[in-house]
Amino acid sequence: MKVNLYDFDNTIYKGDSSTDFFFFSLMKYPKIIKYFPKIIGGAILYKLKIIKKTQFKERNFSFLKSIPNVDSLVEMFWVSHECYIKDFYLGKKHDKDIIISASPEFLLKPICDKLKVADLIASNVDKKTGKFNGLNCYGREKIKRLNKKYKNVEVNEAYSDSLSDTPMLEIADKPYLVKGNKIVDF
């Protein structure tokens, strides 16, 4: 099977969907501001290498405990944020596309379904607690998950905004870096 791989945030989506979702949630549920010290503290601990990336992201998503209906909020989020999908992707999307992202699956699944993406491989995050069920889908973990799910997959094109996705880009026949609206060979 020949596929195209796409990172999501800052690649086909203008910005970071998790950050945008937090601020969208904050507008709807101002009480989640109480999680801000935990989030900022997590950022400091992560930068000091005291906690790992997954623990840091769990702190970021801890606000989900205070959201009564996460699915409904995610649907509302995509109504207002679908316009952040970059034109380059809308112009070339294909039925063999796989989005592979560190963002939570529950957050990306509705937009991937709407875009008719063949598959989504993303971080498995409990939408009620913000806890990760497994590792953050980041760097080499993306390739492990791809290979576990698809045996003998061939990657035609791969797109990412980040060198942390070098393992994903290296397995593609045609790897590309996305910088804003510019696409350059990797």
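In what follows, Ala, Val, Leu, Ile, Met, Phe, Trp, Tyr, Cys and Pro count as nonpolar, Asp, Glu, Lys and Arg as charged, and the others, Gly among them, as polar. The structure is a predicted model.

**Exercise 1.** Describe the lining of the largest pocket by residue class and by the elements that supply it.

Solution. 
- Step 1. The volume of the largest pocket is about 620 Å³.
- Step 2. Its lining consists of 28 residues, and those closest to the centre are Asp16, Ser18, Thr19, Lys57 and Asn60.
- Step 3. Sorted by class, the lining holds 12 nonpolar, eight polar and eight charged residues.
- Step 4. At least two lining residues come from each of helix H1 (17-28), helix H2 (36-47), helix H3 (53-60) and strand E2. H2 gives the most, with five residues.

**Exercise 2.** Work out the strand order of the open sheet, and state which strands stand at its edges.

Solution. 
- Step 1. The open sheet is formed by six strands with mixed pairing, in the order E3-E2-E1-E4-E5-E6.
- Step 2. Strand E3 (119-123) and strand E6 (182-185) each have a single partner strand, so they stand at the edges and one side of each lacks a neighbour in the sheet.
- Step 3. From one strand to the next, the twist averages 25°.

Notes
Residues numbered from 1 in each chain as written. Predicted model: local features only at pLDDT ≥ 70, side-chain atom pairs only at ≥ 80, totals over all residues. Heavy atoms only, no water. Pairing = 2+ DSSP bridges. Helix = DSSP H or I, 4+ residues; strand = E, 2+ residues; numbered from the N terminus. Axes fitted to C-alpha atoms, helices over the stretch in contact; angles between N-to-C directions. 1 Å grid on protein atoms, 1.4 Å probe; cavity = no way out; pocket = protein on both sides within 12 Å on 5 of 7 lines; lining within 4 Å. Points joined across faces, edges and corners; volume = space filled by probe spheres on them.
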